[in-house]
Amino acid sequence: NRDRSFATLFAEAMKEEEKRVQKPYPFSASYGICCLNEETDLSLISCMQLADSRMYLKKKEDKMRREDLI
């Protein structure tokens with residue numbers, strides 16, 4: 001699955017950058033993914049909106065996870 005491949009590579013790159021800069025806080029980023037291809041029945045705008053809504057869902061999940069750690 002391309003989505004998971006990107007997500008895995010992105011997470012690994014974030015971890016490497018976090019190690020490299022050595023800040024006293026963890027790095028985080030939220031992203032949303034939507035792939036377009038000839039089998040997809042979405043317009044570019046619809047795909048962007050779907051990716052955006054996925055990003056906000058990820059942000060909400062991450063925030064709830066952080067709050068559970070406090």
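At 79% relative accessibility, P24 counts as exposed, because exposed means over 50%. The model is predicted. P24 lies in the loop between α1 and α2. Now look along the chain to L42. P24 and L42 are 18 residues apart along the chain, and their C-alpha atoms are separated by 42 Å.

A search of the whole structure finds four aromatic pairs. One of them joins F6 and Y31.

Where do the two partners sit? F6 lies in helix α1, residues 2-21. Y31 lies in the loop between α1 and α2, and α2 covers residues 44-69. The pair therefore ties together parts that are 25 residues apart in sequence.

Is F6 itself buried, exposed or in between? F6 has 42% relative accessibility, so F6 counts as partly exposed. The value falls between the limits of 20% and 50%.

Finally, move to helix α2. D62 has its place there. At 13% relative accessibility, D62 counts as buried, because buried means under 20%. Which residues does D62 touch, leaving aside its neighbours within four places in sequence? D62 is in contact with A29 and S30.

How values were computed
Residues are numbered from 1 along each chain as its sequence is written. This is a predicted model: local features need pLDDT of at least 70, side-chain atom pairs count only at pLDDT 80 or more; totals for chains, interfaces and linings use all residues. Side-chain values use heavy atoms; hydrogens and water are left out. Rings of Phe, Tyr and Trp (its six-membered ring) pair if their centres lie within 6.5 Å; planes under 30 degrees apart count as stacked, over 60 as edge-to-face and the rest as tilted. Helices (H or I, at least four residues) and strands (E, at least two) are DSSP runs, numbered from the N terminus. Buried means under 20% relative accessible area, exposed over 50%, partly exposed in between (1.4 Å probe, protein chains only). Contact means heavy atoms within 4.5 Å.
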